[in-house]
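Here are my notes on the model. Please read them with the structure open.

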Amino acid sequence: MAISSECMENLIGTFRESLKQQGFEIYPFKVGWYNAVVSHAHHLPYPADTLAVVVLSTPAMFERSFLPFLQSQCCEAVRDPIDQCTAHTISSSVSLCFPNQSVDVSYDYEMLPSRKPKFLAQTAAHISGAAYYYRKSDVHNPPWGDKKMFGVCIHPKLGGWFAIRALLVFKDVQIGEELQQKDPPDCVHSQEDRIKLLERFNFHWQDWSYRDIVPADESYCPKQREYFLTPPGQRGGAAQTVGISD
């Protein structure tokens, strides 16, 4: 039996608040919305009305979750510290908030045996209404010809200063017709700005200028920027330095 939107909010409300305090946001959607726009190879193997949630990290996550995680000395040298922190935070909240629910959790860094990602993160963010996924098809008469241009999500309040971290599927929870899909806010309106966004992301991603395509309520603090500018293979040492110096 499908539950109402009100019951859904009662179900995930505590989880939402728990993660919000730790610098994360969640956005619910139906599995069918996602499956309708991805190839069969990327389908989530659940009925269309199954409840799913996409989890984003905000700039606040660094100080609210990551630094305390480093100081707890739970970090393993063999894995990316941010990935470890994300998995620890989300899994702990899932266990606390949903002790009697069967929840399938996939993280953005996880891959299938086929080497495909477990879920298409930017697509999930778009269909949930969290952030608009700007692609080459959003530009009329794109100036790049046949050149492949990667798309990027922009958050209405955070611009590009966020990350898509995880997807949760509540295997036994079906949502009724009351929950209707809403388009994400289109905050990069002009064609000129869309071209600028995609060019910054594809050609100048290292300078992070694409993240500032719209005004943001929050952005990464200097320590956070320094950490994320560190090559992934060196972040273990950088994490130790950040944790010790905080």
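Is Asp186 buried, partly exposed or exposed? Asp186 is partly exposed, at a relative accessible area of 29%. The points below take up its partner and several other sites. Keep in mind that this is a predicted model.

1. Asp186 and Arg194. The two side chains form a salt bridge, with 2.7 Å from N to O. The partners sit on either side of the burial cut-off, because buried means under 20% relative accessible area. Arg194 is buried, with a relative accessible area of 9%. Asp186, at 29%, is partly exposed.

2. Other salt bridges. The whole structure holds 5 salt bridges. One of them joins the side chains of Glu9 and Arg16, at 3.0 Å from N to O. Glu9 is partly exposed at 34% relative accessible area, and Arg16 is partly exposed at 23%. Another pairs Glu110 with Lys118, at 3.7 Å from N to O. Glu110 has a relative accessible area of 21% and is partly exposed. Lys118 is partly exposed too, at 32%. As background, side chains of opposite charge can pair when their charged atoms come close.

3. H1 against H4. Helix H1 spans residues 5–20 and helix H4 spans residues 81–97. Their axes come within 10 Å and cross at roughly 150 degrees. H1 and H4 are therefore roughly antiparallel. The crossing of H1 past H4 is right-handed. On the H1 side, the contact uses Thr14, Phe15, Ser18 and Leu19. On the H4 side, it uses Thr89, Ile90, Ser93, Val94 and Cys97.

4. H3 against H4. How do the axes of H3 and H4 cross, and at what angle? They come within 10 Å of each other and cross at roughly 100 degrees. That angle makes H3 roughly perpendicular to H4. H3 contributes Met61, Ser65, Phe66, Phe69 and Leu70 to the contact. H4 meets them with Pro81, Ile82, Gln84, Cys85, His88 and Thr89. Note Thr89: it is listed in the contact with H3 and also in the contact with H1.

5. Thr58. This residue lies in the loop between strand E2 (50–57) and helix H3 (61–71). Is Thr58 buried or exposed? Thr58 counts as buried, because its relative accessibility is 7%. Leaving aside residues up to four places away in sequence, Thr58 touches Gly23, Glu25, Leu158 and Glu218.

6. Glu25. Strand E1 (residues 24–30) contains Glu25. At 23% relative accessibility, Glu25 counts as partly exposed. Which residues does Glu25 touch, not counting those up to four places away in sequence? The list is Val54, Val55, Leu56, Thr58, His155 and Leu158. Take Val54: Glu25 and Val54 are 29 residues apart in sequence. Their C-alpha atoms are 8.3 Å apart in space. Leu158 is touched by Glu25 and by Thr58.

7. Two faces of H7. Helix H7 covers residues 222–229, and its buried residues include Gln224, Tyr227 and Phe228. These three lie on the same side of H7, because they cover an arc of only 90 degrees around the axis. The face turned away from that buried side carries Pro222, Glu226 and Leu229. Those three residues are exposed.

Technical notes:
Residues numbered from 1 in each chain as written. Predicted model: local features only at pLDDT ≥ 70, side-chain atom pairs only at ≥ 80, totals over all residues. Heavy atoms only, no water. Buried < 20%, exposed > 50% of the residue type's maximum accessible area, 1.4 Å probe, protein only. Helix = DSSP H or I, 4+ residues; strand = E, 2+ residues; numbered from the N terminus. Arc of directions from axis to C-beta. Contact = heavy atoms within 4.5 Å. Salt bridge = Lys/Arg side-chain N within 4 Å of Asp/Glu carboxyl O. Axes fitted to C-alpha atoms, helices over the stretch in contact; angles between N-to-C directions. Parallel < 35°, antiparallel > 145°, perpendicular 65-115°, else oblique. Left-handed = near helix turned anticlockwise from the far one by under 90°.
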